[in-house]
Amino acid sequence: MSNLEQIQTDFQAFLIDETKGAAFKSRIIDDAKVGAAKRLGIYYDAYRFRIIEALATVYPKLHVVLGNDLFDKTARSYIDQNPSTYRNMRWMGGNMQAHLQQTLPQYPIAAEMAAFEWGLSLAFDAEDASILTLTDLAEVPLETWADLKFVFHPSLHLLPLQWNAVQIWNALDKEETPPAIAKTNEPCLIWRIGIDLHSGLNSHFRSLEAAEFSAIQLAISGASFGVLCEQLQDNLSEEQATIQAAQYVSTWLNDGLITRI
Amino acid sequence: MTQTNNSQSLTSQPKLANLGFGLGLRTEHYQEILNNKPAIDWLELLSENYMVAGGKPLHFLDKICENYPVVMHGVSLSIGSTSTIDKDYLRDLRHLADRVQPAWISDHLCWTGVHGQNMHDLLPLPYTEETAKHVAERIGIVQDYLGRKILLENVSSYASYVDSTMTEWEFISLICEQADCLLLLDVNNIYVSSYNHQFDAKAFIDGVPQNRVQQIHLAGHHNHGDYIIDTHDTPVIDPVWDLYEYAISRLGQVSTMIERDANIPPLAELVQELDIARKIAEKVQAYNPSAVRLPRHIK
């Protein structure tokens, strides 16, 4: 190992865990004015502050829900367990849901809030894609509908949520008093409105019933319209199932979720 | 992947066009820049923020590039690292350059991590001949890959290595000579480091290869008494403006911009702050006309 490689390895080890810094301190010029320990401490603190700030940007409502102290403690333990391998700090928060499930199991709303906000951030700069419209679909002959398969927008994320994280997020976003934590078992869709449909390019979300959630999961997995109808027949007549499936597809088109067939 | 159209020969004259007075592009200002077309000569974008698949960042960037010359400024090249150069990063950097056609591409003279990890900080290098050689070789690889000279920026630092055998400006000069690269001189960083390490900031400016300085950064910082932390969240202070005046009286007029990364004010405030740089340049031109070349737009 070259001298430079040793310095960098030891410096990084110190930043990740300062208890390993005692030996490295001897590589830094000491002085009466500031001192080597304080000089290294600037880097040690900056490493954490910078990433905590990046995590707070991705998880603004989780920050509110946890409060400053618990968010800070959570972020620090997260950083310790998840050293960044990313070129941009924006990607660092991807394991937060799992981290919160481990560190705050008694507070499951936190992990779900993290999952929701991570979904919003992924939708924000996911790949662009043009949107299919009802007019496009009207050109498809009725007899071929059973074989129709749908390609969904790259920004679409499905979240099987158990708690009312979305309602709490919404209230906090509108600066209203959030509802009490409650179990709702309402799954959620997150996606970005495409440029072709509106000019907004903002992330959107909506809660949906379990039946629609199963249907869209099935459609995303590549199932045809005919298979969707068959699955819905578990609870509906054949005619009702076809009408329901058509309504779902119409809703997905209006939401700007389908990019092509 | 195709080469960029505006890549210049690596053996051409050191300096590129002078773009005038610019600002760092920040998301808070996208809409105002597009709606009002403020009097900014050029914009510097943070490369990593646009290495994404789609959505708002690239949508706005494309529109802004139609109206303003841009340069690319990165933070994760890690040119001084002893780990292997991240080829995926270089590929994405070149891909972004193909898209925005920047006047130039810059990053920092530092390292950001080893062993596949990123500390997301501009960590200092020991100023030795071994390090200079190592960095210069890597700059060569990057410049060959990108098909253009890159600019490297002096960073603010808070610690010095006992291993260092030369000054920072001697180190920079050695690298420039060996790598034939350009410099992004951050005047605020010179001020911060000179305060933290007790050296003469003017000696730094006098010591770097002046014909390679392509761009100047200006920014604010926080003074903690014994040391200064570079924060980019406040206006440029007077001593840094004085140092800027000294720099351009020595270097001639260089593309200059203000970097604000936090506590982002309304765009008008930054445009007004940029006028201070313009006035200083006019003042220097008045007393030392030979030092100043008038800006010319490349678009």
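Predicted model: local features only at pLDDT ≥ 70, side-chain atom pairs only at ≥ 80, totals over all residues.
Colleague: Why is chain A called more spread out than a compact globule?

Modeller: The secondary structure of chain A comes to ten helices and five strands. The globule rule gives 18 Å for 261 residues, while the radius of gyration of chain A is 24 Å, well over that value, so the chain is more spread out than a compact globule. Along the principal axes, the C-alpha trace of chain A spans about 85 × 45 × 35 Å.

Colleague: How many of the residues of chain A count as buried?

Modeller: Of its 261 residues, 46% do; the cut-off is a relative accessible area under 20%. As for contacts in chain A with a separation of 6 or more, 65% are between residues 24 or more positions apart.

Colleague: How far apart are the mean positions of the positive and negative charges of chain A?

Modeller: They are 15 Å apart, computed for 19 positive and 32 negative charges.

Colleague: Why is strand E6 of chain B said to be largely enclosed by the rest of the structure?

Modeller: Strand E6 of chain B covers residues 182-186, and five of the five are buried, so the strand is largely enclosed. Leu182(B), Leu184(B) and Asp186(B) point one way, Leu183(B) and Leu185(B) the other way, and all are buried. In a regular strand, side chains alternate between the two faces of the sheet.

Colleague: In what sense do strand E5 and E6(B) pair?

Modeller: Strand E5 of chain B, residues 151-153, pairs with E6(B) in the parallel sense over three bridges. Two bridges are enough for a pair to count. Glu153(B) has Leu184(B) as its bridge partner in E6(B).

Colleague: What makes the phi of Gln101(B) worth a remark?

Modeller: Most residues other than glycine have a negative phi. Gln101(B) is not a glycine, yet its phi is positive, about 50°. Gln101(B) sits in the loop between helix H3 (87-100) and strand E4 (105-108) of chain B.

Colleague: Why is Gln101(B) called partly exposed?

Modeller: The relative accessible area of Gln101(B) is 30%. Buried means under 20% and exposed over 50%, so a value in between is called partly exposed.

Colleague: What is the phi of His115(B), and where is the residue found?

Modeller: His115(B) has a positive phi of about 55° and is not a glycine either. His115(B) lies in the loop between E4 and helix H4 (129-146) of chain B. At 47% relative accessibility, His115(B) counts as partly exposed, because the exposed class begins over 50%.

How values were computed: Residues numbered from 1 in each chain as written. Chains lettered and ligands numbered in written order. Heavy atoms only, no water. Helix = DSSP H or I, 4+ residues; strand = E, 2+ residues; numbered from the N terminus. Rg over C-alpha atoms; globule rule 2.2 N^0.38 Å. Buried < 20%, exposed > 50% of the residue type's maximum accessible area, 1.4 Å probe, protein only. Contact = heavy atoms within 4.5 Å. Lys, Arg positive; Asp, Glu negative; His and termini not counted. Charge placed at Lys NZ, Arg CZ, Asp CG, Glu CD.
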